[in-house]
Amino acid sequence: MKRIIAFLIAFILIVSGGVYMTSAEGTSSGDASAEASSDSSADSVVATEVTTGEVTTTETVTTEAAATEKTNKVSLSWSKTVKSLKAGKTFTFKAIATGTDEKIKYSVNKTSIASINKNTGVLKGKKVGKVTVKATVPGKTISFAVNIKYKKIVCIDPGHSGVVPKGTEPIAPGSKTMKAKMSSGTCGNYTHVPEYKLTMVMAKKLKALLVERGYKVVLTRKDNKTAISNVERAKIANNAKADAYLRLHADSVLSSGVRGMSMQYASKGNPYVGKKFGAKNLKLSKCVRDGFVKATGSQVRGNGLVARNDLSGTNWANVPTTLIEMGFMSNPTEDRLMQDKDYQAKMAKGMADGIDAYFGY
Ligand SMILES: [Zn+2]
């Protein structure tokens with residue numbers, strides 16, 4: 001009888017000790033629950049499970065000290081995993097180790113795809129790809145494959161092209177108002193670089209940045225030899241189910257003194273897409289304007305927001321859309337700046353920052 005009572009007391013001590021240690025996570029160590037609390041990131045549920053597991057499998061234990069005498073066999077298993085994660089999001093991986101007092105260390109095989117906190121197991125997706133998460137204690141490693149998925153789809157339209165399609169098209173679905181399918185665009189008065197080349201250079205730079213930030217990016221044209229109309233471009237954004245459509249352009253006027261960036265968008269008052277996208281178009285326009293100005297220090301025309309009803313490439317878009325006029329190719333300062341590689345990097349960063357801000361990243 002005494003033996004049974006002694007056993008029950010020991011049992012209660014171990015269990016209550018374990019629970020106590022769990023609730024005082026990370027404040028002490030060196031007793032029966034040291035192992036459970038050795039992973040400082042382990043939450044109370046996980047730690048309790050481990051402690052309970054020890055007790056139920058240690059039938060001959062009669063003292064608390066004896067509870068620390070584990071079998072030497074180290075085992076490691078996952079308790080929290082996820083197979084896919086969106087770029088920009090986090091998930092906490094957890095593994096449980098038994099038979100060792102060593103802390104579990106977490107790692108990933110490709111740090112460009114995702115990062116992980118080696119102590120807490122917090123995995124953060126960076127860009128699209130596959131990554132292997134590993135948990136390690138001395139003598140044991142387990143791994144888990146994770147797909148990092150894109151956070152949003154962005155369609156970028158490098159305005160104009162080296163080949164201009166002939167003919168006209170309606171400025172909006174159902175509209176009888178016709179407009180040229182595309183214009184040849186402007187040309188730098190000082191650098192003599194055509195607008196379509198500048199927009200292509202910028203589209204590629206912006207795409208690279210956005211991919212690095214975890215977006216899926218679709219371009220409406222890949223070269224300067226493709227003739228493609230404004231409506232066809234909008235349909236590419238629609239078919240891609242883009243979450244945002246950004247059209248890249250540069251301005252030109254007769255007076256060389258005029259300068260400053262602006263956003264041209266379909267506002268709430270737009271008769272074709274205003275109701276559906278007016279508010280989002282405005283938000284997207286403001287975000288891209290603010291990101292662009294902050295990164296480049298560019299001047300702004302007025303408040304930089306110009307509501308337009310006549311842009312067929314915008315009226316046909318069935319996604320939130322805006323068009324950026326990055327600067328004036330008729331102004332010597334802005335024409336030269338827009339051909340400067342450092343300034344181009346700033347423009348791309350500014351637009352990417354604006355897109356991140358629009359989506360709340
Ligand atoms: Zn243009």
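1. A residue is called buried if 20 or more other C-beta atoms lie within 10 Å of its own, exposed if 12 or fewer do, and partly exposed in between, with C-beta atoms placed from the backbone. By that rule Leu198 counts as buried, because 29 C-beta neighbours fall inside 10 Å. The model is a predicted one, in which local features need pLDDT of at least 70 and side-chain atom pairs count only at pLDDT 80 or more, while totals for chains, interfaces and linings use all residues. Residues are numbered from 1 along each chain as its sequence is written.

2. On the chain as a whole, the secondary structure comes to 10 helices and 17 strands, these being DSSP runs numbered from the N terminus (helices H or I, at least four residues; strands E, at least two). Of the 361 residues, 40% count as buried. Among contacts with a separation of 6 or more, 71% are accounted for by residues 24 or more positions apart, a contact being two residues whose C-beta atoms, placed from the backbone, lie within 7 Å.

3. Leu198 has its place in helix H5. With neighbours within four places in sequence left aside, Leu198 is in contact with Val193, Ala250 and Met338. The C-alpha atoms of Leu198 and Gln344 are separated by 9.4 Å, although the two residues are 146 residues apart along the chain.

4. The largest nonpolar core has 70 residues, of which Val154, Ala244, Leu246, Val288, Ile324 and Met351 touch the most other members; such a core is a set of buried Ala, Val, Leu, Ile, Met, Phe, Trp, Tyr and Cys residues joined through C-beta atoms within 7 Å. Helix H5 (residues 195–212) gives the largest share of this core, 7 residues. Because domain 1 (73–149) and domain 2 (153–359) both give residues to the core, it lies between them. Ile324, leaving aside its neighbours within four places in sequence, is in contact with residues including Leu246, Val288, Phe292 and Met351.

5. The axes of helix H7 (residues 274–296) and helix H10 (residues 341–359) come within 7 Å and cross at roughly 145°, where axes are lines fitted to C-alpha atoms, for helices over the stretch in contact, and angles run from 0 to 180 degrees between N-to-C directions. By class, the contact of H7 with H10 has 11 nonpolar, 4 polar and 6 charged residues, counting Ala, Val, Leu, Ile, Met, Phe, Trp, Tyr, Cys and Pro as nonpolar, Asp, Glu, Lys and Arg as charged, and the others, Gly among them, as polar.

6. The buried residues of H7, among them Phe277, Leu284, Val288 and Phe292, pack against strand E14 (244–251), E15, strand E16 (300–307), strand E17 (321–328) and H10. Just after H7, Gly297 takes a positive phi of about 75°. Tyr272 lies in the loop between strand E15 (261–265) and H7, and touches Ala172 and Asn315 when residues up to four places away in sequence are not counted.

7. His160, in the loop between strand E10 (153–158) and strand E11 (168–170), has a phi near 65°, a positive value in a residue other than glycine, and counts as buried with 26 C-beta neighbours inside 10 Å. His192, in the loop between strand E12 (178–180) and H5, has a positive phi near 65° but is exposed, with 10 other C-beta atoms within 10 Å.

Technical notes:
Domains from an automatic or database assignment.
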